[in-house]
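Please open the structure in your viewer and keep the selection panel at hand. The stops below say what to select next and what is there.

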Amino acid sequence: MSKILVADDDPNVIELLKIYLQKEGYEVFFAENGREAVDKANSTKPDLIVLDLMMPEIDGLEVCRQIRMHSRVPIIMLTAKDEDMDKILGLEMGADDYITKPFNPREVVARIKAVLRRVSDISTDSGKQQVLKYNGLEINIMDFTVKLQGREIPFTPKELELLWLLASNPGRVYTREQLLEKVWGYDYFGDSRTVDTHIKRIRKKIGSAEESTSFDIKTVWGVGYKFEVS
């Protein structure tokens with residue numbers, strides 16, 4: 001039974017998600033403020049966290065940052081603000097996805113299932129290649145680590161999954177919609193700028209080596225992205 005931590009200061013949201021998640025067979029824990037969310041994340045070791053952006057005591061962005069210091073647990077962020085900056089900040093702090101309030105609880109359940117399915121596929125698919133190496137770049141999908149010239153670079157889970165997919169198929173062009181479906185694991189409800197934000201951050205990280213690199217994520221204008229090795 002997967003464990004889900006729901007952190008939100010709105011009792012109506014907590015009760016609504018409790019009904020739908022328990023109906024799906026999940027073990028559900030709750031937190032009503034940011035400090036409690038951090039404590040519950042440490043004590044219950046959830047398989048996924050649904051985290052509200054606007055939390056008392058500690059806001060959702062800071063909660064996400066603190067959790068990411070020691071855990072790669074998937075985080076879906078809830079926000080009442082339909083503003084790009086809030087979404088981008090959440091993704092930069094390490095959130096895997098975001099859902100704007102008001103939301104359909106069935107959508108939340110669908111995304112939770114998709115994320116957990118992706119995590120399960122990665123952890124159990126031991127028959128496939130687990131490490132990719134390109135001239136100083138090493139991507140380990142099982143350990144969820146990325147090293148550049150021997151130095152480990154911090155990656156969020158979704159950044160690593162996105163880089164892994166592209167680097168596993170050098171030269172292949174993926175549309176944003178294909179990347180959303182393959183990495184996020186569902187027909188995306190939001191816009192494709194989520195991919196652009198992640199690609200921008202990945203480029204910054206793998207392009208930070210002191211030595212010149214022979215790989216890059218190229219934009220194919222009007223189509224999408226590809227991993228290119230020279």
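**First stop: a buried alanine**

Select A31, which is buried, with a relative accessible area of 0%, in a model that is predicted. A31 belongs to strand β2, which runs over residues 27-31. If you now display its surroundings, leaving aside residues up to four places away in sequence, A31 touches L5, V6, A7, D8, I14, E36, A37, K40 and M55.

**Second stop: two packed helices**

Next select helix α2 (residues 34-44) together with helix α3 (residues 60-68), which pack at an angle of about 20° with their axes 9 Å apart. Angles under 35 degrees count as roughly parallel, and α2 and α3 are therefore roughly parallel to each other. The crossing of these two helices, α2 and α3, is right-handed. To see the contact itself, show G34, A37, V38 and A41 on the α2 side, which meet V63, Q66 and I67 on the α3 side. Coloured by residue type, the contact of α2 with α3 divides into five nonpolar residues, two polar ones and no charged ones.

Finally, select helix α8 (residues 193-206), whose 14 residues reach 20 Å from the first C-alpha to the last, close to the 20 Å expected at 1.5 Å a residue. Which residues of α8 are buried? The buried residues of α8 are T194, V195, T197, H198, I199, R201, I202, K205 and I206.

How values were computed:
Residues are numbered from 1 along each chain as its sequence is written. This is a predicted model: local features need pLDDT of at least 70, side-chain atom pairs count only at pLDDT 80 or more; totals for chains, interfaces and linings use all residues. Side-chain values use heavy atoms; hydrogens and water are left out. Axes are lines fitted to C-alpha atoms, for helices over the stretch in contact, and angles run from 0 to 180 degrees between N-to-C directions. Helices (H or I, at least four residues) and strands (E, at least two) are DSSP runs, numbered from the N terminus. Angles under 35 degrees count as roughly parallel, over 145 as roughly antiparallel, 65 to 115 as roughly perpendicular and the rest as oblique. A crossing is left-handed if the near helix is turned anticlockwise from the far one by less than a right angle, and right-handed if clockwise. Contact means heavy atoms within 4.5 Å. Ala, Val, Leu, Ile, Met, Phe, Trp, Tyr, Cys and Pro count as nonpolar, Asp, Glu, Lys and Arg as charged, and the others, Gly among them, as polar. The expected span of a helix is 1.5 Å times one less than its number of residues. Buried means under 20% relative accessible area, exposed over 50%, partly exposed in between (1.4 Å probe, protein chains only).
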